[in-house]
Amino acid sequence: VHRTTLSGSQLDKLSSRADTWKTSRLDDFLDYGLTLTGDGYKSRKNLKYNNFILVTAGGPVYLGLRDVTGLGSTGEDTAEEFAEVQASLAERHKRAIILGITDTPSANRKAWKILMASNATQFWIGCMSHEVSLLMGDVGRLSFTKRLRVTCMKLYKWVMNHSYIFAVFQKKVVAHYNAKMSDAK
């Protein structure tokens, strides 16, 4: 295998297999409903990308990545992008979407309203991971938290520089979790 054969027939076969797997995965979990989620990021070269994932009861199914560099980012733009993603799906998969999740800037909150108005069976919300991340960023800026972090780093370095203490710590951790596993059985 080399780049010429991989970029030709082998890549086409693998892509076809992946598409078949995606379809069967979505079909297997239609009865439970699907969640559509998307998120964006910016590359080191300031290119903007949005990715989209359908979450099933059996796990995520990656739908794709879009280059949105230079495109609008209003609530209407975001709603239109999610509508295009949904339009690219088979009708049975689109009908199974019951929840949409994005991060929570005001443009996305506006997009939720637009998407819920045009899809009566869908509910759109913000991502709790983003919210927790924002909260922890605020907590991390508190002077108490900064002092606690410095103290913990000193303790960590001290333990790591005393291998016999680290060995005792490792044994205690293993024993603790083995006991928890035994209790759970």
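**View 1. L36 and its bridge partner G100.** L36 has G100 of β4 as its bridge partner. The model is predicted: local features require pLDDT of at least 70, side-chain atom pairs count only at pLDDT 80 or more, and totals for chains, interfaces and linings use all residues. Numbering starts from 1 along each chain as its sequence is written, and side-chain values use heavy atoms, with hydrogens and water left out. Strand β1 (residues 34-42) and strand β4 (residues 97-102) run parallel and are joined by 4 bridges. Strands (E, at least two residues) and helices (H or I, at least four) are DSSP runs numbered from the N terminus.

**View 2. The open sheet.** The order of its 5 strands is β3-β2-β1-β4-β5, with mixed pairing; two strands pair if DSSP finds at least two bridges between them. β3 (59-67) and β5 (123-126) are the edge strands, each pairing on one side only. On average, neighbouring strands of this sheet are turned by 20 degrees against each other, direction ignored.

**View 3. Helix α4 on the sheet.** Helix α4 (residues 106-118) packs on the sheet and touches β4 and β5; contact means heavy atoms within 4.5 Å. The direction of α4 makes about 170 degrees with that of β5. Axes are lines fitted to C-alpha atoms, for helices over the stretch in contact, and angles between N-to-C directions run from 0 to 180 degrees.

**View 4. Helices α6 and α7.** The axes of α6 (residues 143-160) and α7 (residues 163-184) come within 6 Å and cross at roughly 105 degrees. α6 is therefore roughly perpendicular to α7 (65 to 115 degrees). W158, V159 and M160 of α6 make the contact with S163, I165 and F166 of α7.

Technical notes
Angles under 35 degrees count as roughly parallel, over 145 as roughly antiparallel, 65 to 115 as roughly perpendicular and the rest as oblique.
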